[in-house]
Amino acid sequence: MLVMTNNVNERLALDTSFAKFVTNAIARFLRHDWGELCEEDTKANDWAIDNDARVLAAYGTQDDKIWIIQEWDRSVTTVLFPSEY
């Protein structure tokens, strides 16, 4: 299940550019492209996929950044702003 926080959802409804950015980020996530992470965090996500652990990916710039977090059992994937964590 894919869910988004209220703040992300509200911004999606108002900003088509942001909606495209989020859609692209989700597509990258599904390809196991973890976004703007250091090498250590990228390797940790790769390990997490094979070992039933939580995955966190980060996409964007300083002005527009989102995180995508997938629970260890892959039951829920959440799109949120870093400030909402």
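**View 1. Val79, a buried residue of strand S4.** At 0% relative accessibility, Val79 counts as buried, because buried means under 20%. The model shown here and in the other views is predicted. Val79 is part of strand S4. Val79 and Ala57 lie 22 residues apart in sequence. In space, their C-alpha atoms are 9.6 Å apart.

**View 2. The largest nonpolar core.** This core holds 20 residues. Which of them touch the most other members? They are Phe18, Val22, Phe29, Tyr59, Ile66, Ile68 and Val79. H1, H2, strand S2 (55-60) and strand S3 (65-70) are the elements that give two or more residues to the core. The largest share comes from H2, with 6 residues. In soluble globular proteins, nonpolar side chains tend to be buried together.

**View 3. Helix H1 against helix H2.** H1 spans residues 6-14, and H2 spans residues 16-30. Their axes come within 6 Å. The axes cross at roughly 125°. That angle makes H1 oblique to H2. The crossing is left-handed. On the H1 side, the residues that meet H2 are Val8, Arg11, Leu12 and Leu14. On the H2 side, they meet Thr16, Phe18, Ala19 and Val22. By type, the residues of this contact divide into 6 nonpolar, 1 polar and 1 charged.

**View 4. Phe18 and its contacts.** Phe18 is one of the H2 residues that meet H1. It is also among the core residues that touch the most other members. What does Phe18 contact, leaving aside neighbours within four places in sequence? Its partners are Val8, Arg11, Leu12, Asp64, Ile66 and Phe81. Of these partners, Val8, Arg11 and Leu12 are in H1.

**View 5. Asp64, in the loop between S2 and S3.** Asp64 lies in the loop that runs between these two strands. Is Asp64 buried or partly exposed? Its relative accessible area is 23%, so Asp64 is partly exposed. Not counting residues up to four places away in sequence, Asp64 touches Arg11, Phe18, Phe21 and Tyr59. Asp64 and Ala27 are 37 residues apart along the chain. Their C-alpha atoms are separated by 17 Å.

**View 6. Gln70, a buried residue of strand S3.** Gln70 belongs to strand S3. With a relative accessible area of 12%, Gln70 is buried. Its contacts include Phe29, Ile49 and Arg54, not counting residues up to four places away in sequence. Val55, Val76 and Thr77 are also touched by Gln70. Where does Leu2 sit relative to Gln70? The two residues are 68 apart along the chain, and their C-alpha atoms are separated by 9.0 Å.

**View 7. Asn45, a buried residue of helix H3.** Asn45 is found in H3, which covers residues 39-50. Its relative accessibility is 5%, so Asn45 counts as buried. Residues up to four places away in sequence are set aside for its contacts. Asn45 then touches Trp34, Leu37 and Arg54, together with Val55, Leu56 and Ala57.

**View 8. Asp52, with a positive phi.** Asp52 lies in the loop between H3 and S2. Its phi is about 50°, a positive value, although Asp52 is not a glycine. Most residues other than glycine have a negative phi. Asp52 is exposed, with a relative accessible area of 51%.

**View 9. Asp73 and Arg74, in the loop between S3 and S4.** Asp73 lies in this loop. Arg74 lies there as well, and strand S4 covers residues 77-80. Asp73 is partly exposed, with a relative accessible area of 39%. Arg74 is also partly exposed, with a value of 26%. Asp73 and Asn51 are 22 residues apart along the chain. Their C-alpha atoms are separated by 9.9 Å.

Key:
Residues numbered from 1 in each chain as written. Predicted model: local features only at pLDDT ≥ 70, side-chain atom pairs only at ≥ 80, totals over all residues. Heavy atoms only, no water. Axes fitted to C-alpha atoms, helices over the stretch in contact; angles between N-to-C directions. Helix = DSSP H or I, 4+ residues; strand = E, 2+ residues; numbered from the N terminus. Parallel < 35°, antiparallel > 145°, perpendicular 65-115°, else oblique. Left-handed = near helix turned anticlockwise from the far one by under 90°. Contact = heavy atoms within 4.5 Å. Nonpolar A, V, L, I, M, F, W, Y, C, P; charged D, E, K, R; others polar. Buried < 20%, exposed > 50% of the residue type's maximum accessible area, 1.4 Å probe, protein only. Core = buried A, V, L, I, M, F, W, Y, C linked by side-chain atoms within 4.5 Å.
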